Amino acid sequence: MIELVVAQDVARSPRYNEDIAPTRSAERTWSRWNIAALWVGMSICVPTYTLGGVLTAYFGLSVGEALFTILVANLVVLIPLTLNAFPGTRFGIPFPVVLRSSFGIIGSNVPCMIRAVVACGWFGIQTMFGGLAIHLLLSSLSADWKALGGVGEVIGFFVFWALNLFVVIRGAESIKWLETLSAPLLLAVGVGLMVWALPHTSISELLAQPPNRPEGDGVASYFMAGLTAMVGFWATLSLNIPDFSRYAKSQKDQIVGQIIGLPLTMFFFAALGVVLTAASSSLVGETISDPVNLIGRIDSPGWVAIAMVLIIIATLSTNTAANIVSPTNDFQNIAPKLINQTRGVLLTGLVGVLLMGFELIKKMGWIVSDVSLESLYSNWLLGYSSLLGPIAGIMIVDYFVIRRQSFDLPALYLDGSTYPAFNPAGFIAFFVPVGLTVISFSQPGLSWFYDYGWFTGSLLGALVYFVASKLLVKAPPVHLPEAVPGSGAQRA
């Protein structure tokens, strides 16, 4: 009877709705292969393809150094990914609800909004690539459509935008179906493209190219800056991985699935980007680093149409999972009774359009600018990782050290219960490394703190949170997770 009363209180709470409630046992259907397929689907995308070029052009690394950096970065990022997935799998709760423990019931909205804005930005960037693919697909079928130029790309943007929102509004099973279907197809296409490109370039010459940095400079500082940026590529998912691990059948499934799906896929597709870019001069007569434009130059409308369909699938599988699910849950966390999953998806779509407004206007030909999407997200990679690193460290220490893998689950959905509205320890641990990052902009002696932002931020955030929690916060008692209505939470 006591548990029933608690459950009714939770259901009526303004911090609760069915979409961010703990997953029921029947919803925990994701095996290790579904998790692996999720990562294959998210990793095979246009930005991954261009990572090698970003590291060689902007971070002063050679091709070999760049590919090694990408592999190491994705092995490193597996650590926060698997650790932060634990509470999602055990308690069935999404990222914003996990944050209520370390930042407070209301305070969790601050890191949620930081994560949401970044995801909406990436959603807009990926939708630009998907829209371009749709435009090129239709251009290969119709000369009249090709004549539309930038206007056709803008129309393609909104068609792809609507397709993304439709998939996510249909729920987690729709995403699982998309990722499981697309993963083997995308891997097969990647292998085919590599076989197609290899005869047109020399791997030995490619690896022998000198790095784009001053002669005599050591590789260490360039490697660390590149490593930080590449870890930052998935720093977003290392936070909101509970949004997906809450559907996993077990901890073993989420761990093994992520190990299988992430590092080698990222390495292979980044390597494919390097090889295809090098081979593009032989294939189409000029060097092109964007796979959408490269394939669009092929003098065969049939092959272009097929390739564009595959790129649309690849971008859709990345965008829906990586860039819409998290802000959808984050927006719900602000006012769960007012914002459900559908409204959260629509808000994500609206913000994504607004953030890409400048680029869309440029496509329409109303303004002229030399700012490229590639330079935009290469700067983002380093910049936002400095903000997200502390949050990752705080989450890990909170769950494994302070809470000892136990939450008062009903209280995570209640005001004025076990958890405070704002947890001072979380905000102190967040703003200390962020403040040092800001200071490091104007202090040459501290530039390393920004250059290695994800590592310095996560480690310092974790340390400060541990100390502040011991001094300021009393750990709550453990309650049975089954007290939440419909909960499929696991005790172990």
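This is a predicted model: local features need pLDDT of at least 70, side-chain atom pairs count only at pLDDT 80 or more; totals for chains, interfaces and linings use all residues.

Modeller: Residues are numbered from 1 along each chain as its sequence is written, and side-chain values use heavy atoms, with hydrogens and water left out.

Biologist: How are helix 10 and helix 18 oriented to each other?

Modeller: Helices (H or I, at least four residues) are DSSP runs numbered from the N terminus. The axes, lines fitted to C-alpha atoms over the stretch in contact, have angles that run from 0 to 180 degrees between N-to-C directions; those of helix 10 (residues 172–197) and helix 18 (residues 301–334) come within 10 Å and cross at roughly 135°. Angles under 35 degrees count as roughly parallel, over 145 as roughly antiparallel, 65 to 115 as roughly perpendicular and the rest as oblique. Helix 10 and helix 18 are therefore oblique.

Biologist: Which residues of helix 18 meet helix 10?

Modeller: Contact means heavy atoms within 4.5 Å. On the side of helix 10, the residues are Ile175, Leu178, Glu179, Ser182, Leu185, Leu186 and Val189. Their partners in helix 18 are Leu310, Ile313, Ala314, Leu316, Ser317, Thr320, Ala321 and Val325.

Biologist: How do the residues of this contact of helix 10 with helix 18 divide by class?

Modeller: Ala, Val, Leu, Ile, Met, Phe, Trp, Tyr, Cys and Pro count as nonpolar, Asp, Glu, Lys and Arg as charged, and the others, Gly among them, as polar. On that basis, the contact of helix 10 with helix 18 has 11 nonpolar, three polar and one charged.

Biologist: Which element gives the largest share of the lining of the largest pocket?

Modeller: On a 1 Å grid over the protein atoms alone, a pocket is an open set of points with protein on both sides within 12 Å along at least five of seven lines, and lining residues have an atom within 4 Å of a point. The largest pocket has a volume of about 430 Å³, and of its 23 lining residues the closest to its centre are Val189, Leu193, Ile295, Ala307 and Leu310. By class, this lining of the largest pocket has 20 nonpolar, three polar and no charged residues. Its largest share, seven residues, comes from helix 18.

Biologist: What is the volume of the largest cavity?

Modeller: A cavity is a set of grid points where a 1.4 Å probe fits but cannot get out, and the structure holds two cavities of 30 Å³ or more. The largest cavity is lined by 14 residues, of which Ala172, Ile175, Tyr247, Val325 and Gln341 lie nearest its centre. Grid points are joined across faces, edges and corners, and a volume is the space filled by probe spheres set on the points. For the largest cavity, the volume is about 150 Å³.

Biologist: Which helix gives the most to the lining of the second largest cavity?

Modeller: The second largest cavity has a volume of about 90 Å³. Of its 11 lining residues, the closest to the centre are Trp122, Phe233, Trp234, Ala322 and Asn323. Two elements give two or more residues to this lining, namely helix 7 (109–141) and helix 18. The one that gives the most, with three residues, is helix 18.

Biologist: Is the crossing of helix 7 and helix 19 left-handed or right-handed?

Modeller: The axes of helix 7 and helix 19 (residues 341–355) come within 8 Å and cross at roughly 65°, and the two helices are therefore roughly perpendicular. Val117, Cys120, Gly121, Phe123 and Gly124 in helix 7 meet Thr348, Gly349, Val351, Gly352 and Leu355 in helix 19. A crossing is left-handed if the near helix is turned anticlockwise from the far one by less than a right angle, and right-handed if clockwise. The crossing of helix 7 and helix 19 is right-handed.

Biologist: At what angle do helix 2 and helix 15 pack?

Modeller: Helix 2 (residues 32–43) passes helix 15 (residues 251–261) in a right-handed crossing. The residues of their contact divide into seven nonpolar, four polar and three charged. The axes of helix 2 and helix 15 are 7 Å apart, and the packing angle is about 35°.
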